[in-house]
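Here is a briefing on one protein chain. Look over the sequence and the fold, then read on.

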Amino acid sequence: MVYRCRDTTHHRHALPGALAIPEGACRIVDHRAAPGACTPSRHKEAWGGGVVGPGRGQTKKLLKKYVGVAGSPIDIWHHIHSLMGLRDAARVSSVSRSFLRSWKSYPNLIITSETLCLKGGEYERSLKISRDLARNTNSILQKHSGEGVKVLKLQINDFPRFSTSRDLNRWLRIAVKPGIEELDLWLELHSRDAAVYDFPCSLLHNGSGKSIQYLHLSNCAFRPTDGLVCLRSLTSLDFFDVRITADELGYLLANSVALDKLRLVFCHELVFLKIPSLLQRLSHLIVNCCENLEVIESKAPNLYSFRYIGDQVRLSLGDSVRDFEIGASGSDFVHYACENLPRMLPNLEALDISSRYVKDTPVIPNKFLHLQLLCIGYFMPDYDYFSLVSLLDACPSLETFVLYVDPERVEQESVLVDSSRDLRQLPGHFHRNIKDVQIFGFCSARTIVELTCHILENATSIEWLTLNSQFFG
């Protein structure tokens with residue numbers, strides 16, 4: 001490794017993605033000066049009449065300013081290498097000894113079909129991609145020392161046809177070490193009856209789990225025991241089709257006091273979900289399609305946002321929730337929400353409800369005093385949309401109202417068929433704060449037109465009205 005200056009006036013056209021260093025800055029070149037090459041003694045004038053020597057403090061200042069790191073040449077090469085994508089980092093390691101040394105501690109191991117540029121479509125091609133992905137993953141991790149890994153993302157296709165549980169355990173043991181911050185394991189099973197991978201929770205013991213901030217697992221079993229896993233730095237937990245019981249999840253949450261976001265999708269072994277009060281930083285909770293879930297109870301004092309898709313469950317979330325979104329697949333959640341949410345969530349500011357099993361909107365005993373955004377839709381074919389006026393009445397602070405309609409499912413009389421009938425009206429029901437109204441899937445169904453005319457006549461502050469005939473399903 002030698003220090004050389006480069007006359008930047010001779011090199012105006014940098015390669016795309018190359019490090020841009022302004023004129024007057026020192027560069028480092030990983031080869032010896034060839035005869036006749038540019039040297040400081042030959043180009044003092046190009047550097048403003050002075051030369052920055054490798055032993056002077058000014059070199060470190062320039063490197064700190066333009067490269068972002070100061071230190072030995074090895075540190076600088078390692079920093080530059082860490083900024084490259086996986087494919088580029090692997091390529092340059094084959095042409096540079098410095099980069100080859102750096103490759104053994106490359107920090108961002110994102111090994112997916114996309115980062116390796118593996119593309120395909122038909123079945124045979126997809127199998128070839130899965131095989132190549134498994135081979136490349138094994139080759140990359142075998143050449144890595146396991147030290148310095150900050151991010152590990154593995155995409156495993158057609159498991160366990162091309163990579164077995166023993167392979168996964170070996171790869172994880174190489175990279176999951178103290179200091180790792182992100183662990184993302186995305187498994188796609190070869191068939192429905194394929195063996196489920198049992199994630200080795202012992203990997204997260206002995207300090208390896210203490211630095212993890214983001215953990216995402218899919219299509220595997222995760223079986224922590226009390227006291228085994230400590231994820232004190234974990235801020236985001238994402239489980240997709242993970243086999244884990246309520247008690248096991250409780251052990252995990254009890255040791256994840258820094259958790260900010262929790263997402264659970266297709267976790268069918270969960271019967272109840274209890275969030276302890278010690279998760280004081282938890283602000284976002286997402287629970288989707290956990291088909292055996294019956295109870296969701298949260299004592300997290302600062303929970304801000306809750307998202308849920310599935311059958312109706314018993315909810316207890318506390319009064320800190322401001323943003324509530326629910327899609328009830330097999331029940332009428334609109335009635336439940338209108339009757340219970342104003343009391344359960346008195347500080348609610350945004351509400352999004354979709355349910356296909358609603359025939360009308362009930363009379364609401366209490367008001368959503370702080371609600372500013374209401375999104376609602378996807379009802380029964382004969383739903384009386386004009387009945388939504390009672391819901392608008394219960395939201396005195398509402399500013400934005402969004403309605404979703406599936407026009408192909410609407411089974412109502414069109415105002416174009418019989419225009420002689422008068423439209424229903426509810427005079428005196430003013431909505432003084434509504435400014436923005438959006439109706440997607442708008443059609444000529446009588447109750448939809450009645451609701452639209454009512455809003456135009458009684459929303460005294462309306463600024464925007466969007467009637468979009470396109471359905472966003």
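How many residues has helix 10, and how far does helix 10 reach from its first C-alpha to its last? Helix 10 (residues 446-458) has 13 residues and reaches 18 Å, close to the 18 Å expected at 1.5 Å a residue. That expected span is 1.5 Å times one less than the number of residues.

This is a predicted model: local features need pLDDT of at least 70, side-chain atom pairs count only at pLDDT 80 or more, and totals for chains, interfaces and linings use all residues. Residues are numbered from 1 along each chain as its sequence is written, and side-chain values use heavy atoms, with hydrogens and water left out.

**Overall make-up**

- The chain holds 10 helices and 20 strands. Helices (H or I, at least four residues) and strands (E, at least two) are DSSP runs, numbered from the N terminus.
- Of the 473 residues in the chain, 46% are buried. Buried means under 20% relative accessible area, exposed over 50%, and partly exposed in between (1.4 Å probe, protein chains only).
- Among contacts with a separation of 6 or more, 59% come from residues 24 or more positions apart. A contact means heavy atoms within 4.5 Å.

**Nonpolar core**

- The largest nonpolar core has 113 residues. Such a core is a set of buried Ala, Val, Leu, Ile, Met, Phe, Trp, Tyr and Cys residues joined through side-chain atoms within 4.5 Å.
- Helix 8 (residues 333-344) gives the most to this core, with seven residues.
- Leu 152, Phe 199, Phe 222, Phe 239, Ile 296, Phe 324 and Phe 401 have the most contacts inside the core.
- In soluble globular proteins, nonpolar side chains tend to be buried together.

- Strand 18 (residues 400-404) is mostly covered, with four of its five residues buried.
- Strand 18 pairs in the parallel sense with strand 17 (residues 373-377) over five bridges. Two strands pair if DSSP finds at least two bridges between them.
- Strand 18 also runs parallel to strand 19 (residues 436-440), joined by five bridges.
- Thr 400 is the bridge partner of Leu 373, and Thr 400 stands opposite Asp 436 in strand 19.

- Helix 10 is largely enclosed by the rest of the structure, because 10 of its 13 residues are buried. Among them are Arg 446, Glu 450, His 454 and Asn 458.
- The cover over the buried residues of helix 10 includes helix 9 (389-393), strand 18, strand 19 and strand 20 (464-468).
- His 431 is found in the loop between strand 18 and strand 19. His 431 is buried, with a relative accessible area of 5%.
- The side chains of His 431 and His 454 make a polar contact of 3.0 Å. A polar contact is a pair of N or O atoms within 3.5 Å; within protein, one must be able to donate a hydrogen and the other to accept it, and residues adjacent in sequence count only if both atoms are side-chain atoms.
- A polar atom of the His 431 side chain lies 3.3 Å from the backbone oxygen of His 429.
- Leaving aside neighbours within four places in sequence, His 431 also contacts residues including Val 389, Leu 392, Asp 393 and Asn 458.

- Three strands form an open sheet in the order 10-12-14, with parallel pairing. Strand 10 (272-275) and strand 14 (314-316) are the edge strands.
- Strand 12 (residues 295-298) pairs with strand 14 over three bridges, and Glu 297 has Ser 316 as its bridge partner in strand 14.
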